[in-house]
Amino acid sequence: MNKIWSLALTALLLTACNNSNNTTMQTEAEPAQTTTVEAEESTHVATLQRSFENLFAYMEQQDSSFTPQHFEPGYVGKIDSLPAVTYEPARIQPFEPFLIYNSDSTKAIDLYSYNYIITRRNGDVKLEEAGPDTEIGLIDVKNNTRKRIFFSGPSMVVFDARWNSDNEIVMAGAEQLQNNQLKPVAWQYNLTDSTMQTFNYNEAIAADMKGYKEQTVAALTAQKRSN
């Protein structure tokens with residue numbers, strides 16, 4: 001009988017040790033997993049900060065509560081874009097000063113030609129909205145084509161876009177709410193597989209963004225003249 005009790009006690013101790021080891025291993029693994037998530041989050045925040053320094057500074061001027069750290073990764077998926085079409089140079093040429101080229105100027109982001117018209121008043125170039133929708137195009141200079149990579153109705157607007165690399169575009173905009181309230185949004189588009197990563201801002205801010213477009217157009221026009 002004593003032998004049976006001894007064996008039972010040994011088994012119980014071994015089970016307790018195993019459970020303790022498993023708990024320790026799980027506890028030790030958690031910080032590494034947390035560190036990975038934090039690294040991913042800091043990477044996308046750094047990318048957005050680097051790409052949209054002027055835009056974010058303008059938003060912060062409008063609402064001091066704004067901070068890029070409030071962008072959180074959202075939906076990732078392949079976008080259903082229209083096929084690339086041959087564009088007419090005469091139609092794109094007036095918008096050439098506002099195209100955003102990649103490093104070797106073989107491709108360009110087109111923010112304005114879809115729903116803006118260009119006017120000139122007293123020597124100043126103005127972009128005026130000609131429709132409520134937003135479309136962002138990708139121009140292939142070598143093949144003379146334009147492909148839609150983003151489209152939305154009146155509730156969503158894109159303020160700016162940048163090349164993160166020759167195969168990746170980042171865009172920043174917002175969902176327009178009532179009373180000058182905005183819900184900032186950012187997108188990261190991969191040219192290789194046509195996937196889009198969304199980054200959602202976790203609260204609304206109060207901002208009037210009309211001045212930002214005017215500043216952007218003025219800066220691009222001045223840069224074009226200097227070149």
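Visitor: Of the contacts with a separation of 6 or more, what share comes from residues 24 or more positions apart?
Guide: Such pairs account for 53% of them in this protein; contact means heavy atoms within 4.5 Å. The model is predicted, so local features need pLDDT of at least 70 and side-chain atom pairs count only at pLDDT 80 or more, while totals for chains, interfaces and linings use all residues. Residues are numbered from 1 along each chain as its sequence is written, and side-chain values use heavy atoms, with hydrogens and water left out.

Visitor: How many helices and strands are there?
Guide: The protein has four helices and 13 strands. Both are DSSP runs numbered from the N terminus: H or I over at least four residues for helices, E over at least two for strands.

Visitor: Which strands make up the open sheet?
Guide: Five of them, in the order β2-β8-β7-β4-β3, with antiparallel pairing. Two strands pair if DSSP finds at least two bridges between them.

Visitor: What joins β3 to β4?
Guide: Two bridges, and the strands run antiparallel. Ile-100 has Ile-109 in β4 as its bridge partner. Five residues lie between the strands in this hairpin, where Ser-105 takes a positive phi near 60°.

Visitor: How many bridges link β4 to β7?
Guide: Four, between residues 107–110 of β4 and residues 134–140 of β7, again antiparallel. Ala-108 is partnered by Ile-139 in β7.

Visitor: Change of topic. Where is Asn-115?
Guide: Asn-115 is in the loop between β4 and β5 (116–121).

Visitor: Is Asn-115 buried or exposed?
Guide: Asn-115 counts as buried, at 7% relative accessibility. Buried means under 20% relative accessible area, exposed over 50%, and partly exposed in between, using a 1.4 Å probe and protein chains only.

Visitor: What is Asn-115 in contact with, beyond its neighbours within four places in sequence?
Guide: Glu-128, Glu-129, Ala-130, Gly-131, Asp-133 and Thr-134. A polar atom of the Asn-115 side chain lies 2.2 Å from the backbone oxygen of Asp-133.

Visitor: How do β5 and β6 pair?
Guide: They are antiparallel, over six bridges, with β6 covering residues 124–129. In their hairpin, with two residues between the strands, Asn-122 takes a positive phi near 55°.

Visitor: Now pockets. How much space lies in the largest pocket?
Guide: About 780 Å³. A pocket is an open set of points on a 1 Å grid over the protein atoms alone, where a 1.4 Å probe fits, with protein on both sides within 12 Å along at least five of seven lines; lining residues have an atom within 4 Å of a point. Grid points are joined across faces, edges and corners, and the volume is the space filled by probe spheres set on the points.

Visitor: Which element gives the most to the lining of the largest pocket?
Guide: α4, with eight residues. The lining has 37 residues, and Tyr-116, Glu-129, Met-209, Lys-210 and Lys-213 lie nearest the centre of the pocket.

Technical notes: A polar contact is a pair of N or O atoms within 3.5 Å; within protein, one must be able to donate a hydrogen and the other to accept it, and residues adjacent in sequence count only if both atoms are side-chain atoms.
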